[in-house]
Amino acid sequence: MLQGIDGLSITRFHDRQLEQGGEVQQENASPVWASIAANHRYNTLLWNEEDKARRTDVGAEQIAASKRLIDQHNQKRNDAVEALDEAILTALAEVTPKAHARLNSETAGAMIDRLSILSLKIFHMREQTERHDADAEHIERCRAKLQRLRTQRDDLVFCLDRLLTEAAAGDAYFKVYRQFKMYNDPTLNPYLYGQSQAVVPAEAMQ
């Protein structure tokens with residue numbers, strides 16, 4: 001079952017990883033925890049690269065390189081969400097949903113992904129409240145935003161715990177939903193597969 005997998009444990013893990021500036025090793029890491037860690041790692045890489053992509057003091061080539069990295073990190077982030085849902089559902093494999101069980105439209109993995117992003121927002125918003133080069137109005141505005149972010153995370157923790165509890169009892173269930181990021185697939189993105197079709201062999205031109 002899902003022992004040790006709950007909203008508070010997950011948010012504490014997210015926060016520790018950010019505070020220590022790197023990956024936190026989880027003892028006896030299960031497939032669920034491995035996917036939680038991977039998802040948070042790629043969200044962190046995404047956050048940092050998104051900041052770099054908005055610089056105005058570098059050339060277009062560096063911005064383009066950042067955009068490509070963002071694309072790669074985002075794909076791996078989504079892969080980790082799907083792996084997380086699969087791992088949770090595997091842990092719940094012995095539970096048979098009851099006849100009245102409700103289908104939750106949002107998966108547990110998607111909710112944990114949102115918790116990861118909220119932890120990043122909280123971490124960086126808190127940094128804004130500690131700046132010495134910003135005026136009092138900026139600091140106060142960021143403190144208010146920080147409080148809202150914490151409330152949003154608390155609410156999401158409650159909803160995640162409810163889903164996991166109900167899923168373990170057979171009162172709720174969710175499915176693995178594939179993202180099918182078409183722009184990353186060279187067989188589905190017309191600007192990618194169109195390039196190969198546009199190339200005319202030299203012998204055909206003779």
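The model is predicted. Its largest nonpolar core has 31 residues. A search of the whole structure finds 13 salt bridges. Asp 85 is buried and has no salt bridge.

**Asp 85**
- Asp 85 sits in helix H3, which spans residues 60-91.
- The nearest side chain of opposite charge belongs to Arg 178, 8.0 Å away. A salt bridge needs nitrogen and oxygen within 4 Å.
- The side chain of Asp 85 does make a polar contact with that of Thr 107, at 2.7 Å.
- Not counting residues up to four places away in sequence, Asp 85 touches Thr 107, Ala 108, Gly 109, Ala 110, Phe 174 and Val 176.

**Nonpolar core**
- Within the largest core, the residues with the most contacts are Ile 10, Ile 36, Ile 88 and Leu 160.
- Helices H1 (7-19), H2 (31-52), H3, H4 (108-129) and H5 (136-169) each supply at least two residues of this core.
- H5 gives the most, with 9 residues.
- Neighbours within four places in sequence aside, Ile 10 is in contact with Ile 5, Trp 33, Ile 36, Ile 112, Leu 115 and Leu 160.

**Aromatic pair**
- The structure has 1 aromatic pair. Phe 13 and Trp 33 form it, edge-to-face, with 5.4 Å centre to centre and 65 degrees between the planes.
- Phe 13 lies in helix H1 and Trp 33 in helix H2, so the pair ties together parts that are 20 residues apart in sequence.

**Salt bridges**
- Glu 82 forms a salt bridge with Arg 178, the closest N and O atoms being 3.1 Å apart. Glu 82 is in helix H3 and Arg 178 in the loop between strand E2 (172-173) and helix H6 (190-198), so this pair ties together parts 96 residues apart in sequence.
- Glu 82 is buried at 12% relative accessibility. Arg 178 is partly exposed at 40%.
- Salt bridges link Glu 82, Glu 86 and Arg 178 in a network.
- Arg 55 and Asp 57 meet through their side chains at 2.9 Å, N to O, in a salt bridge. Arg 55 is partly exposed at 40%, and Asp 57 is exposed at 58%.
- Glu 137 and Arg 141 form a salt bridge at 3.6 Å, N to O. The two lie 4 residues apart in helix H5, about one turn of the helix.
- Glu 137 is exposed at 57%, while Arg 141 is partly exposed at 40%.

Terms used: Residues are numbered from 1 along each chain as its sequence is written. This is a predicted model: local features need pLDDT of at least 70, side-chain atom pairs count only at pLDDT 80 or more; totals for chains, interfaces and linings use all residues. Side-chain values use heavy atoms; hydrogens and water are left out. Buried means under 20% relative accessible area, exposed over 50%, partly exposed in between (1.4 Å probe, protein chains only). Lys and Arg count as positive and Asp and Glu as negative; His and the chain ends are not counted. A polar contact is a pair of N or O atoms within 3.5 Å; within protein, one must be able to donate a hydrogen and the other to accept it, and residues adjacent in sequence count only if both atoms are side-chain atoms. Contact means heavy atoms within 4.5 Å. A nonpolar core is a set of buried Ala, Val, Leu, Ile, Met, Phe, Trp, Tyr and Cys residues joined through side-chain atoms within 4.5 Å. Rings of Phe, Tyr and Trp (its six-membered ring) pair if their centres lie within 6.5 Å; planes under 30 degrees apart count as stacked, over 60 as edge-to-face and the rest as tilted.
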